[in-house]
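Please load the model in a viewer and keep the selection panel at hand. The stops below proceed from selection to selection.

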Amino acid sequence: MRNNPTIDLNFTINSGQVFLWNKIEDRWFGVNGDELLVITEPFQIYSSSKSARLFFRQDDNLNKILSDISRDSLVGATVKQFPGLRVIRQDPFQCYISFICSSNSSIQNIKNMLIRLCQKFGNKVEFENQQFSTFPSAERLANATTRDLLSCGLGFRAKYVRDAVKAVNSGKIEFESLRKTDYKSALETLKTVRGIGNKIADCILLFSLDKLESFPIDRWTQRILQKYYPNIFDIMHGKSLTEKKHNSLHEKIVEHFGPYAGYSQQFLFKMERDLNKKNWL
DNA sequence: TCATCACCTGGAGA
DNA sequence: ATCTCCAGGTGAT
């Protein structure tokens, strides 16, 4: 914990990065891959496994990042509005499957799908006599049939998840090598998996693979860019965001928000969702 | 190359 | 109650 240890769980968990978290009484319980995380106030983190990476990116130089992204005045205001909001570094496989499941769905539905996947295929861990199910590994999900996945409520995403699991088990997708490679090629590699387009790839890269220049562009961020930055990001000539437009838009985004654009996105996204009184978990 | 459209499912609002 | 609409997108025409 290098600087600014303040982490606001309520802001961070309720900012659309994770789906398998619950507040029970005064503690937060969350699933991260095969580990169960329990967080108490004042901030203390318990992990059921020893190998926990720094889940809240405590190794980031937060002062530097926040000061850098605050060059944009709106982002600067949101940094003050949501002190302690963090970008999370979550388990890559869980992140990958979670966001594939997020396609054209709602937070509540996504959460339901993932809970069922955990219950059906995950390991059981016990904490204070309570049972929790962790997120299944790729090896474990290799045995899942399309029928199994449909029974978890995945719908048309079932075939995407099957392909995605195969891609990992065959070595076509290797998270640790993606983590080491540059943003652009990692993005292209992820997009070779059916069911992963720009938005989902960016979420995986930002929330699990340390690509802080990722800036997931969905209906919300599009709305934000149009609403608050109409003359900087003149994206919408036509209706749909084509590949070409997406590329040039992302370039402009990094040019404007800087190398930590992903953090900017997280603050702006949180702001706009709250403004529209959208529910989280 | 670009714009439309269907897609599983379930929760919310009419 | 029953229905319609739509949700943090993507792939196929």
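**Charges over rings**

Begin by selecting Lys-159 and Tyr-160: the charged end of Lys-159 sits over the ring of Tyr-160, at 5.1 Å from its centre. A charge sits over a ring when NZ of Lys or CZ of Arg is within 6 Å of the ring centre and within 35 degrees of the ring normal. Next select Arg-223 and Trp-220, where the charged end of Arg-223 sits over the ring of Trp-220, 4.3 Å from its centre.

The structure is a predicted model, in which local features need pLDDT of at least 70 and side-chain atom pairs count only at pLDDT 80 or more, while totals for chains, interfaces and linings use all residues. Residues are numbered from 1 along each chain as its sequence is written, chains are lettered from A and ligands numbered from 1 in the order in which they are written, and side-chain values use heavy atoms, leaving out hydrogens and water.

**The surface near DNA strand C**

Select DNA strand C together with the 27 residues around it, of which Gly-16, Gly-195, Gly-197, Cys-203 and Arg-219 come nearest. Here a residue is near a strand if one of its heavy atoms lies within 4 Å of it. Those residues divide into 12 nonpolar, 10 polar and 5 charged; Ala, Val, Leu, Ile, Met, Phe, Trp, Tyr, Cys and Pro count as nonpolar, Asp, Glu, Lys and Arg as charged, and the others, Gly among them, as polar.

Now display distances to phosphate oxygens of DNA strand C. One lies 2.7 Å from an N or O atom in the side chain of Arg-219. Polar backbone atoms also take part: that of Gly-197 is at 2.8 Å from a phosphate oxygen, and that of Ile-200 at 3.1 Å. Helices α11 (198-208), α12 (219-228) and α14 (261-275) are the elements giving two or more residues to this surface, and α11 supplies the largest share, 5 residues. Helices are DSSP runs (H or I, at least four residues), numbered from the N terminus.

**An aromatic pair**

Which two helices hold Tyr-96 and Phe-175? Tyr-96 lies in α4 (residues 92-101) and Phe-175 in α9 (residues 175-180), so the pair ties together parts that are 79 residues apart in sequence. Both Tyr-96 and Phe-175 are buried, that is, under 20% relative accessible area (1.4 Å probe, protein chains only).

Technical notes. Polar contact = N/O pair within 3.5 Å; in protein donor to acceptor, adjacent residues only side chain to side chain. Buried < 20%, exposed > 50% of the residue type's maximum accessible area, 1.4 Å probe, protein only.
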